[in-house]
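Hi there,

As promised, I am handing over the structure for you to look at. My notes on what turned up follow below.

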Amino acid sequence: MTMTAERQKPVSDEDLVRGVRAGDRALLARAITLIESTRAEHRARAERLLETLLPATGGAHRIGITGVPGVGKSTAIDQLGVNLTAQGHKVAVLAVDPTSSRSGGSILGDKTRMARLGQDPAAFIRPSPTSGTLGGVAQRTRETIALVEAAGFDIVIVETVGVGQSETTVSEMVDVFVVLMLPGAGDELQGIKKGVLEIADIIAINKADGDNRDRASRAAAEYRSALSILTPVHPAWKPPVTLVSGLANQGLDELWRLICEHRRVMSEADAFAARRREQAAGWLHDLIDDGLRAAVTGRPAVRALLERLEGAVRAGRRTPQSAAAEVLAFAGLAVNMPATGTTS
Ligand code: GDP
């Protein structure tokens, strides 16, 4: 993708801004490629672009959707997406797949997984950035949310799989977090990470069709009782459990109604905008953490020193404290190292 981008005719910052604002898909895609680039001059341009577009961002309802591979995410998002574009919405689908760089290609958010939405002129599907770490992928995705909002998409769906911290990460960049579950009884409940229930705003038991319906209803009852003993994300909203079938297009209208109801209830509790403010502040801190890390590991000379001193620490010739202080000083980050034993 980068190679094609490089072969394309250069486009000015002004044209990129105009193109994104006009919803020009080709220029939107180029803007996203730009923000995904790790080259310093691209980063500088990307930051200017995001700063210019800032006033035009924030207009979308941001929806996170997660679930294990095979739960039916792409089928459900494809169907929900075309239902929503039929109602006049403009839907962008992004993905956060921290494994994509390792598996050599992004699976999530692939257009071919969402055949109808991929053809829909009112939809825009973008696979996961392949920049490696979850933190890196998350930052690029947050920026892409801003770009698609500036391009006029009023619904952004961010899809992820339950790998490592990716669910928490996505829940921290969306307004509402929907967890898709498979029908099935207690055994499923045992297997799922309790953590995901703690961050879910809505639980949807998917594939609630045909022979699965009874099992899905039983699963819903189990999840309701599991949720009843958890503290909800916000006191105003008790996460509901609903049945859907992406394949049969059943229950998706009700799911959408719940997503909108969540927005209404949270707005009334003054919590909708507050969640975004918290997320923006959290993003700032993440960027600073990333910047600090990049100041060390992103520069060959500093990294070389770090590697050398790491060897000395391993061999017991240097203390971690003095080695860390030397690396930070060399990186231009002369900080007072915390005394041994303290954290943060
Ligand atoms: P993903 O990996 O979560 O994106 O799951 P997919 O959408 O690719 O679906 C995985 C498999 O489950 C496919 O064979 C689908 O046809 C099937 N599937 C998806 N949604 C449903 C559903 O609502 N009901 C049933 N019975 N099967 C489904």
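Around the ligand there are 15 residues, and those that come nearest are Gly-70, Lys-73, Thr-75, Arg-113 and Asp-209; a residue is near if one of its heavy atoms lies within 4 Å of the ligand. Please bear in mind that this is a predicted model, where local features need pLDDT of at least 70, side-chain atom pairs count only at pLDDT 80 or more, and totals for chains, interfaces and linings use all residues. Residues are numbered from 1 along each chain as its sequence is written, and side-chain values use heavy atoms, with hydrogens and water left out.

Ligand oxygen atoms sit 2.6 Å from an N or O atom in the side chain of Thr-75, 3.0 Å from a polar backbone atom of Leu-247 and 3.1 Å from a polar backbone atom of Gly-246. Taken alone, the ligand exposes 570 Å², of which the protein buries 69% (Shrake-Rupley method, 1.4 Å probe).

Lys-73 deserves a look of its own. This residue belongs to helix H5, residues 73–86 (helices are DSSP runs of H or I with at least four residues, strands are runs of E with at least two, numbered from the N terminus). Is Lys-73 buried or exposed? Lys-73 is buried (under 20% relative accessible area, 1.4 Å probe, protein chains only). The side chain of Lys-73 also reaches the backbone oxygen of Val-68 at 3.0 Å.

As for the whole chain, 16 helices and seven strands make up its secondary structure, and 46% of its 344 residues count as buried.

Best wishes

Technical notes:
Buried means under 20% relative accessible area, exposed over 50%, partly exposed in between (1.4 Å probe, protein chains only). Lys and Arg count as positive and Asp and Glu as negative; His and the chain ends are not counted. A salt bridge is a side-chain nitrogen of Lys or Arg within 4 Å of a carboxyl oxygen of Asp or Glu. A polar contact is a pair of N or O atoms within 3.5 Å; within protein, one must be able to donate a hydrogen and the other to accept it, and residues adjacent in sequence count only if both atoms are side-chain atoms.
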